[in-house]
Amino acid sequence: KHPALRSVNLTYCNFAGGSKMMDKILAACKKCESLEIGHQDFDSENVAVVAKFLAKKHSLTSFSLVGAAVDNDNKKLLSDALMQNRTIEKLCLHSNQLQLPAVIRGTKKAIKALSRLTHLDLSFNKLSLSGAKSMAKFLAGEDSKLISLVMMKNNLTSKGANVLLSSVKKNTTLQHLDLSRNWITNKSVPAVIDLLKNNSTLVTLNLSGNKGLKTVEKRAVRRWGFVDGRYQRDESRSHPQVDGGRTKIVKDALFDTFSLESIISSNHTCAVFMTGFNHNDSYEETIRKINALDANEGRKIRLKIALARYANDDKKGVTDLLDLHIFDDLSLELMPALLEMLQEAIGFNGLGNDVVTGWMKDRDKDKTSPYARKVYAQSLSLLFDTIKSWQSLPLLFARGPGDFCFDVPAQTEAKRKKKKKPQKRRKFGDEEDGEDDAWLPK
């Protein structure tokens, strides 16, 4: 009955006195806003008391049942109680040995009753294919208000994930989806890519811990030998690297470097977490940090273009920056921004310091390092080739300054003015002296 007590956490607390003591504790929490309760030693009677309490009138908006096993008798009891409840918006059923959809059922009545939920955590339970279909119906509901869905370690297979992801693609409220530590494999990669290309509201997607999702499916093999009498690479015994599911998600949905247009049309809103590292040339973690930035889409695109210019494999860089006919109609005022972008690399001159690791931030300070020399040489070469091969460049400058007028600072303007040489003081009697009246004091 404490007037200021609003949140109670009793997780992993075992109570003596059985169900009667549980009933008293729940009655005391009737006016609280948040309640977390549960223990692995809770028996069936304790869980039944909790279910009956949820069906009654109370002030709870957030409820968590953690660690307590829910048997078959209490599954329906808990499901009915949640459907009768009208106040709970945040629900967590964690480690309850549930075979979903035992509680979150896919009936129209259940979907409508649970549409009030904004946060749902079903971690450490089991989600079968039928459970995934029920959850898909719940997400596809017109009245769904769900913002966060956590389904970590639910034994979710690729078939179930494909069904679930197809419904998330159409959902317009979900912002956070956690499918970590499941049984998702590369078979779900097309569904993930389709989701990221067609959904603009999802902010975070956690796919970490899914061992079936690989970064590299098959590593590159380069074999050398005598071919046509010369010792060289034997292409018949070599094969290129085959990208795994994680790399395909990044390259096809988040960081497609095929062209400028493909980068612009990539997903810039969803931060996808898979391993937390930049494996090979996928730039997985850097792209996650770029998408997670609290910045406008234009800045994210600019960072991705700068990153693509200096990809590990030069052939995978953005090549149509040198396809100069697409810039023929570019206004003169945008020329400095374009030329600056051609020279930029992530981590140099402070560009993208909030998305790179510590060693990348300081690598441009040592201009003598091989990597720094390579980047600066590439940037200058790219700038020179662009200006030299731009056939319409004179016409661009001939168009004049355009509609914009830039004010030159007074200090800069003063430097541009030629300094006048001081005149030599003339003496009386010089041949070039003018009239004597000119020497009279004014």
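Visitor: Which residues make the nonpolar surface patch of about 440 Å²?

Guide: Trp224, Phe226 and Tyr231 make this patch. Patch members have over 30% relative accessible area and no salt bridge, with nonpolar side chains (Val, Leu, Ile, Met, Phe, Trp, Tyr) joined within 5 Å and like charges within 9 Å. A salt bridge puts a side-chain nitrogen of Lys or Arg within 4 Å of a carboxyl oxygen of Asp or Glu. This is a predicted model: local features need pLDDT of at least 70, side-chain atom pairs count only at pLDDT 80 or more, and totals for chains, interfaces and linings use all residues. Residues are numbered from 1 along each chain as its sequence is written, and side-chain values use heavy atoms, leaving out hydrogens and water.

Visitor: Is Tyr231 buried or exposed?

Guide: Buried means under 20% relative accessible area, exposed over 50%, partly exposed in between (1.4 Å probe, protein chains only). Tyr231 counts as exposed because its relative accessibility is 55%. Trp224, at 46%, counts as partly exposed.

Visitor: How many aromatic pairs does a search of the whole structure find?

Guide: The search finds 4 aromatic pairs. A pair of aromatic rings is described by the distance of the centres and the angle of the planes. Rings of Phe, Tyr and Trp (its six-membered ring) pair if their centres lie within 6.5 Å; planes under 30 degrees apart count as stacked, over 60 as edge-to-face and the rest as tilted. Trp224 and Tyr231 are stacked, 6.4 Å centre to centre with 25° between the planes. Phe255 and Tyr283 are edge-to-face, at 6.2 Å and 85°.

Visitor: Are Phe255 and Tyr283 buried or exposed?

Guide: Phe255 is buried at 5%. Tyr283 is buried at 11%.

Conventions:
Accessible areas come from the Shrake-Rupley method with a 1.4 Å probe; for residues, only the protein chains shown count as cover.
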